[in-house]
Amino acid sequence: MTPPVSYSEPPRIGGTLVWYAAICSRQVWLMARGVEPDRRDELLRLGRLNDRETYVRDRHDIVFGDNRFDILREENGTLVVAEVKKSSRSFDAAQLQLGHYLYELEKQGQHAKGLLLFPKERRREEVLLDDPLRRRLDKIYTTIAAIAETQDPPPRKRCSH
């Protein structure tokens with residue numbers, strides 16, 4: 001048995017890594033090592049276009065630490081972080097990703113409301129950072145670190161997202 005890999009620092013956990021943790025552990029392992037999906041991939045390009053072409057009055061692509069919010073705006077004095085998704089098919093993963101953003105903001109003393117936007121479905125879902133979501137995220141962070149430290153990637157399996 002090969003000993004676990006020892007890194008000088010833990011993986012940088014951003015929203016996309018949290019999203020993948022809910023979908024595909026092999027992708028988590030790859031991303032933790034800096035291997036990311038092909039940016040020219042048609043589905044990724046469609047997702048970026050969907051983000052840019054919808055909600056044009058809002059601020060897009062806001063960088064915060066290792067995270068990139070799709071939309072950041074203020075509503076009635078409340079900071080709102082919104083994530084635009086092509087469909088609600090991976091709702092749980094999207095909810096975790098947005099919850100991660102809210103949690104990171106909270107750790108910096110900034111409270112915000114989350115909003116998942118599915119423009120093609122004309123659907124909006126509010127995401128609140130509550131204790132159960134915080135506990136789920138803490139477990140995911142531990143899982144991501146454990147996956148990242150393994151010598152070999154998890155086995156290939158069909159992941160739906």
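Student: Leaving aside neighbours within four places in sequence, which residues is Glu 75 in contact with?

Tutor: Once those neighbours are set aside, Glu 75 is in contact with Val 80 and Lys 113, where contact means heavy atoms within 4.5 Å. This is a predicted model, in which local features need pLDDT of at least 70 and side-chain atom pairs count only at pLDDT 80 or more, while totals for chains, interfaces and linings use all residues. Residues are numbered from 1 along each chain as its sequence is written, and side-chain values use heavy atoms, with hydrogens and water left out.

Student: How far apart are the C-alpha atoms of Glu 75 and Lys 113?

Tutor: The two C-alpha atoms are separated by 9.5 Å, although Glu 75 and Lys 113 stand 38 residues apart along the chain. Glu 75 itself lies in strand S2.

Student: Why does Glu 75 count as partly exposed?

Tutor: Buried means under 20% relative accessible area and exposed over 50%, with partly exposed in between (1.4 Å probe, protein chains only). Glu 75 has 25% relative accessibility, so it counts as partly exposed.

Student: And what makes Gln 97 buried?

Tutor: The relative accessible area of Gln 97 is 4%, and therefore this residue is buried. Gln 97 lies in helix H4, and, apart from neighbours within four places in sequence, Gln 97 is in contact with Gly 15, Thr 16, Val 18, Trp 19, Glu 83 and Lys 85.

Student: What makes a polar contact with the side chain of Gln 97?

Tutor: The side chain of Glu 83 does, at 3.4 Å. A polar contact is a pair of N or O atoms within 3.5 Å; within protein, one must be able to donate a hydrogen and the other to accept it, and residues adjacent in sequence count only if both atoms are side-chain atoms.

Student: How many residues does the largest nonpolar core have?

Tutor: That core has 32 residues, and those with the most contacts inside it are Val 18, Phe 69, Val 81, Leu 137 and Ile 144. The elements giving two or more residues to this core include helix H1 (15–21), strand S2 (67–75), helix H4 (91–107) and helix H5 (131–149). The largest share, eight residues, comes from H4. A second, separate core of six residues includes Ile 71, Val 80, Val 84 and Leu 115. A nonpolar core is a set of buried Ala, Val, Leu, Ile, Met, Phe, Trp, Tyr and Cys residues joined through side-chain atoms within 4.5 Å.

Student: How many helices and strands does the protein chain have?

Tutor: The chain has five helices and five strands; helices (H or I, at least four residues) and strands (E, at least two) are DSSP runs, numbered from the N terminus.
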